[in-house]
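Reader: Hello! I am new to this structure; could you show it to me and let me ask a few things?

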Amino acid sequence: MKRLTTTFTILLLILSLVGCSQNGPSDENSKTLTVYSPHPAETINIGIQEFTNRTGIKVEVVAAGTGELLNRIAAEKDNPLGDVFWGGGAESLQAFGEHFEPYKPVGIEDIDALYYDPNYLWIGESPLPMVIMYNTNLVPEDMAPKSWSDVLKPEFKGKIAMADPAKSGSAYTIMLTMIQAYGKDTGRGWYFIEDFLKAVDGKILGSSGGVYKGVEDGEFSVGLTLEKAAIEYVKNGSPVKIVYPSEGTSAVPDGVGLIKGAKNTDNAKLFIDFIISYDFQDIMAKKLSRRSVRSDVASPVGLPELSEIKFIDYDFNWAATKKVDIMEQFKEILVRTN
């Protein structure tokens with residue numbers, strides 16, 4: 001989140017095992033699926049390999065930022081090339097709800113109603129607390145930020161990693177979390193964003209992946225990012241720590257949805273069933289420290305319970321229905337502060 005980088009699309013073609021599965025379609029020619037996903041490569045690889053091993057379905061993955069992929073889905077509405085969107089903040093999916101078809105997946109009864117659309121246009125797969133990540137080699141413990149406002153301190157100016165909310169679903173959620181923490185309706189939240197962008201000093205990143213990597217490498221002192229991404233660097237021994245801001249944070253879930261007009265609808269439904277299944281949710285919790293939307297999956301080791309974290313009253317409907325207006329206001333402030 002400093003220099004402006006371009007988001008690029010990575011096309012990953014992952015071929016399945018040739019054996020058939022009793023859970024997959026019987027017609028070998030129909031054993032295909034196209035998944036659009038902003039998830040990190042490791043998450044994608046684990047999920048697709050596990051799904052393919054279980055179903056024999058060949059999966060093509062188009063990976064890019066949330067905003068880029070959702071705009072692509074909208075552009076392809078007359079001839080959809082994707083079948084499933086997997087990942088990205090649920091409010092971003094809700095904002096593009098007209099491009100998704102309702103699907104009530106197997107296992108939905110084990111998920112809290114907070115984590116899926118009442119019309120089943122999207123299903124949450126993992127609650128995502130937003131955190132402040134900092135480099136311990138650059139930031140002494142006694143100077144570590146403890147709040148959103150601490151990031152505005154002079155010593156961090158130009159050293160803050162933040163992705164472009166127009167391209168990154170997590171960055172969009174983080175921006176709205178800060179706005180609501182300081183007053184969405186009073187206007188104070190937008191004043192905070194203006195001060196924040198001045199502190200960022202024009203260094204907006206093109207993707208959320210650049211945030212945690214930039215902090216780990218010492219290119220930035222602090223970064224605003226997802227708990228699920230940052231905790232992996234902590235666990236792997238990188239010189240980083242995470243903080244849950246004292247004003248309160250949010251935990252909007254990543255979502256998965258069936259693209260309207262998908263050519264491989266049956267396979268897409270199997271994939272959504274798989275993503276929220278106990279088996280896969282448990283794998284994600286244990287291998288990638290991803291929190292589960294299911295009530296029967298234990299929290300990842302080393303993470304505090306959600307009940308121990310302070311959360312704001314996040315206005316999901318505002319975030320989803322007013323995204324165009326919100327982004328226009330953000331762009332105006334960005335131009336004004338650069």
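Reader: Which ring does the charged end of Lys323 sit over?
Author: Happy to start there. A charge sits over a ring if NZ of Lys or CZ of Arg is within 6 Å of the ring centre and within 35 degrees of the ring normal. The charged end of Lys323 is 4.5 Å from the centre of its ring, and that ring belongs to Tyr172.

Reader: What should I know about the model and its numbering?
Author: This is a predicted model, where local features need pLDDT of at least 70 and side-chain atom pairs count only at pLDDT 80 or more, while totals for chains, interfaces and linings use all residues. Side-chain values use heavy atoms, with hydrogens and water left out, and residues are numbered along each chain as its sequence is written, from 1.

Reader: How far from the centre of the Trp318 ring is the charged end of Lys184?
Author: Here too a charged end sits over a ring, this time Lys184 over Trp318. The distance to the ring centre is 5.1 Å.

Reader: How many aromatic pairs does the structure hold?
Author: Rings of Phe, Tyr and Trp (its six-membered ring) pair if their centres lie within 6.5 Å; planes under 30 degrees apart count as stacked, over 60 as edge-to-face and the rest as tilted. The number of aromatic pairs in the structure is 11.

Reader: Why is the pair of Trp86 and Phe271 edge-to-face?
Author: The ring centres of Trp86 and Phe271 are 5.5 Å apart. Their planes stand at 75°, so the pair counts as edge-to-face.

Reader: How many residues apart in sequence are the parts that Trp86 and Phe271 tie together?
Author: Helices (H or I, at least four residues) and strands (E, at least two) are DSSP runs, numbered from the N terminus. Trp86 lies in strand 4 (residues 84-89) and Phe271 in helix 8 (residues 265-275), so the pair ties together parts whose separation in sequence is 185 residues.

Reader: Is Phe271 buried or exposed?
Author: Buried means under 20% relative accessible area, exposed over 50%, and partly exposed in between (1.4 Å probe, protein chains only). Phe271 has a relative accessible area of 0%, so this residue is buried.

Reader: Which residues in helix 8 meet helix 1?
Author: The axes of helix 1 (residues 41-55) and helix 8 come within 11 Å and cross at roughly 115° (axes are lines fitted to C-alpha atoms, for helices over the stretch in contact, and angles run from 0 to 180 degrees between N-to-C directions). Contact means heavy atoms within 4.5 Å. From helix 1 come Gly47, Ile48, Glu50, Phe51 and Arg54, and they meet Asn267, Leu270, Phe271 and Phe274.

Reader: Where is Asp201 found?
Author: Asp201 has a positive phi of about 65° although it is not a glycine. With 44% relative accessibility, Asp201 counts as partly exposed. Its place is the loop between helix 5 (residues 188-200) and strand 9 (204-205).

Reader: Is Ser289 buried or exposed?
Author: Ser289, not a glycine either, has a positive phi of about 55°. It sits in the loop between helix 9 and helix 10 (316-321). Its relative accessibility is 1%, so Ser289 counts as buried.
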